[in-house]
Amino acid sequence: MDGEELTEQETALYDRQIRVWGANAQRRLTKSHILVSGIKGTVAEFCKNIVLAGVGSVTLMDDSLVNEEALNANFLIPPDENAYRGKTVAEICCDSLKDFNPMVLVSVEKGDLSARSTEFFEKFDVVVIGYGSLATKKAVNEKCRKLSKRVAFYTVDCRDSCGEIFVDLQDYKYTKVPCMMLQFCMSILTSLLWNFQQKKLEEKVECELNFPSFQEAVSVPWKPIPRRTAKLYFAMRVIEVFEENEGRKHGQCSLLDLPTVLEIKKKLCEANTVSESHVPDSLLERLITGTIEFPPACAIVGGILAQEVIKAVSGKGEPLNNFFYYDAQDGKGVMENISNSFTS
Amino acid sequence: MDTQQQQSSIQGAKVLMVGAGGIGCELLKTLALSGFQDIHIIDMDTIEVSNLNRQFLFRRSHVGQSKAKVARDAVLRFRPHINIRSYHANVKNPEFDVDFFKQFDVVLNGLDNLDARRHVNRLCLAADVPLVESGTTGFLGQVTVHVKGKTECYECQTKPAPKTYPVCTITSTPTKFVHCIVWAKDLLFAKLFGDKNQDNDLNVRANNAASSSKETEDVFERAEDEDIDQYGRKIYDHVFGYNIEAALSNEETWKNRRRPRPIYSKEVLPECMSQQNGSTQNCSATDDDSTVSAMPLLGLKNPQELWGLTQNSLVFIEALKLFFAKRKKEIGHLTFDKDDQLAVEFVTAAANIRAESFGIPLHSLFEAKGIAGNIVHAVATTNAIVAGLIVIEAIKVLKKDADKYRMTYCLEHPSRKMLLMPVEPFEPNPACYVCSKTPLVLEINTRKSKLRDLVDKIVTAKLGMNLPLVMHGASLLYEVGDDLDAIMVANYNANLEKSLSELPSPVINGSILTVEDLQQELSCKINVKHREEFDEEKEPEGMVLSGWTQSPATNGESASTSNNENEKAVDVTESSSGPEMASKKRRLSETQPENDKKETENVESDDDELMEIENPVMVSKKKKRVE
């Protein structure tokens, strides 16, 4: 058993989800501390989900001021100028989130994430970077990895109607139920079978995974990566380099930048000795012109991300290893495993 | 996506949402954010505490209020200028007729029961409005699109019927915990606290029971000043001791089955329960009836804890006492309610004692409550994901992008790397009695079965008709409606009690019945075939309906007959997940010309993109090979 029992109020509120992941997992959730940086539509969805799930605390970092774009896909910001004038996105979202579940501590941390010391991250069990720059993602991931305490690290990025999630759980031990047949019964019956499985605790299996760092995962040579891998992986790497080179923030681009982006793509493909068809131009065009997020994609990617964080905190269930891609155009949500193991 | 065109189809669309619960809250939010401006939402429920872990538009202060109304108010707060119309009503109400449905461009379901889904399916077909269906349970979810004439309707693939158990399994030969729950809930609880006039199979006995039935009826009656504790023990001994011994006397039953053991209160409980008596009395002055509970009086705090026989027995007696001491007025009118703590405690205890007797593993209150209350386990994330998928399909429907319609499955573990798996919809089933008007065949004993049986079990339950009409040729045998005069109603009631062959227009072998629901605009022909005998175990209803082509049930059988503890008993309100396993059938794309100009860079073929859902066993085997 992990510490104190859940209170009667918690048991009543979380009844339906305790039936999904169990009381122990719920207990661990209520003790977890999540740091979230960069709040737009997808991250707003993510925050809503983890607050409802009953995590211990959520610390929000986003000093940008509320503007029309923020109002668009972020339902945590009420469109009342009197309410949000002069406030940062984090501050407004904090107030809304508290409302969803008074048992969760939601607070705001001001300042630049990349300027934080390694010790700062020790306070958290999970760090989520939304829409971060390449440099920030690398720096924070390195700091998290330096700590003796394992801090789960996630990045998330949504553009147009696509999304990317990156997961780094370092060396991770977890339990899972090894029945694979379960999920193919797409029926009411499935849920019943699943529930049945939940009771068979003795059938759980202990597993271990080793995750590559963010730095490693984005620097993997392209040639050995299997051809069927989601094109979004490569496209996002191109965009990452573009934004870094041009000093742009997330989404600060347009069709006018396409030639520059295609140049970067060409160079990257050459450097990796792969043909240019490896990264479809049309996909790159979508990503730089579709600067506002697509709310349904936000809901989907925000939901997947929250499930991952819940799994990592509870230590229960097989985690995504190590990228997730969604594209509303083909409707697929895929997991991709990308590490240097391809080269060995 | 062509944004301009897309935005205008969204802005001009009129959308109906059915359901404002788990999926509904997420859906309404996402629709509003996506630019929809005219949304109607129907939901008959009010808000409960257990909803708040995922139905995020609601707050604790809203408990008891209409879900549809509160959801509307909450969304208007961040999108004040859109039009949302809420209806606190049952979607099956006559006001939601075909004309009502015709005003919408698309209907989006976020329901939690099969009955309502079928009803909406039929109305959408009648109104020729596309329907996007969905369902979630735990981490699993799915979204499907149904467009009349183009894709399957929701009922083209038969949905698993609500699970019912043969009476004898419940009354005499339980083998699973759920059987004990059904016994405790629908028999014992009903007998003790429910309507006394209802038939009750609790004392179904072996053949040699003879004349003692009067005695046993008296056992359940409590004399005016009979000591509650004594009464409780008497009931205990009767149902767990005496009844079991009587059942054991029938050798035949137990030839190949594990014999239950009789349990008597004196072997489990202390003779004198003065301590417990004292605590019950002490509480009389201050206790609020609705929060009366046996557990705290017995020092039991954790609903997830497994109780032993003694503890269960103590709870049994204590809960029974509390009903009589604190809630006497309700006795005789109670029905089991999962939110009635005392009822849950009683049913858990009773089920566990019976389980102990039959060698079935015991369960905690938490688990028992889930089974007895048919509780669907649910989390916010799956609902959010499914809501996103629904909106994406809705947009395709509005743009009439038929090639792009997909059924999307949200999985817990990746299958061929996919957590979200899109599949092309199937063509309508030409043998679907709902959208393709296939006639049905009913095997029934026309001399023994009454019209009432046919109406209840076939027309209402199996065919899902709401306001049915039953005709034999020109003769109207039965109908439901507000505008019927007393003579007609009396006539129909009389017909219900007659056996089929004795009806004014006799229904015999070879007769063809027409059953209709005018609201759903559904009409079915049923060919009646007389059959003398039905197997009590395999055909407990005493009749068999067939005729439409079932989807080649791939691995469905193993699931439907599984050892699932959470399956319900007699009356099922099942989980919220929707359509089941697809089979190998004609895919939509096979009949349409190649019109997608695939980009030259995109080398993946159609086969790669869309997975065919095969036999689950085969798929899992495939997966093993790849790994």
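**Charges, pairs and a patch**

A:E45 is buried, with a relative accessible area of 1%. Buried here means under 20% relative accessible area, exposed means over 50%, and partly exposed lies in between, with a 1.4 Å probe and protein chains only. This is a predicted model: local features need pLDDT of at least 70, side-chain atom pairs count only at pLDDT 80 or more, and totals for chains, interfaces and linings use all residues. Residues are numbered from 1 along each chain as its sequence is written, chains are lettered from A and ligands numbered from 1 in the order in which they are written, and side-chain values use heavy atoms, with hydrogens and water left out.

Back to A:E45. Which side chain does A:E45 meet in a salt bridge? It is A:K48, at 3.1 Å, N to O. The rule for a salt bridge is a side-chain nitrogen of Lys or Arg within 4 Å of a carboxyl oxygen of Asp or Glu. A:K48 is buried too, at a relative accessible area of 0%. Both residues sit in helix α3 of chain A, residues 41-53. They are about one helical turn apart, because 3 residues separate them in that helix. Helices (H or I, at least four residues) and strands (E, at least two) are DSSP runs, numbered from the N terminus.

A:E45, A:K48, B:E26 and B:K29 are linked in a network of salt bridges. Over all chains, the count is 51 salt bridges. As background, side chains of opposite charge can pair when their charged atoms come close.

Now chain B. It has 21 helices and 14 strands. Of its 627 residues, 58% are buried. The chain exposes about 26,500 Å², and carbon and sulfur atoms supply 49% of that. Accessible areas come from the Shrake-Rupley method with a 1.4 Å probe; for residues, only the protein chains shown count as cover. Take the contacts (heavy atoms within 4.5 Å) in chain B with a separation of 6 or more: 70% of them join residues 24 or more positions apart.

Two salt bridges in chain B. B:K92 and B:D115 meet at 2.4 Å, N to O. This pair links distant parts of the chain, 23 residues apart: B:K92 in the loop between β3 (83-87) and α4 (98-102), B:D115 in helix α5 (residues 114-127). B:K92 counts as buried, at 19% relative accessibility. B:D115 counts as partly exposed, at 33%.

Next, B:E393 and B:K396. Their closest N and O atoms are 2.7 Å apart. They lie 3 residues apart in helix α16 (residues 380-398), which means about one helical turn.

On to the loop between β2 and α3 of chain B. B:Q55 lies there. Buried or exposed? B:Q55 is buried, at 2%. Leaving out residues up to four places away in sequence, B:Q55 touches B:A20, B:G21, B:G22, B:C25 and B:K67. B:R122 is 67 residues from B:Q55 in sequence and 28 Å away in space, C-alpha to C-alpha.

B:D45 is in that loop as well, between β2 (38-42) and α3 (67-78). B:D45 is partly exposed, at 34% relative accessibility.
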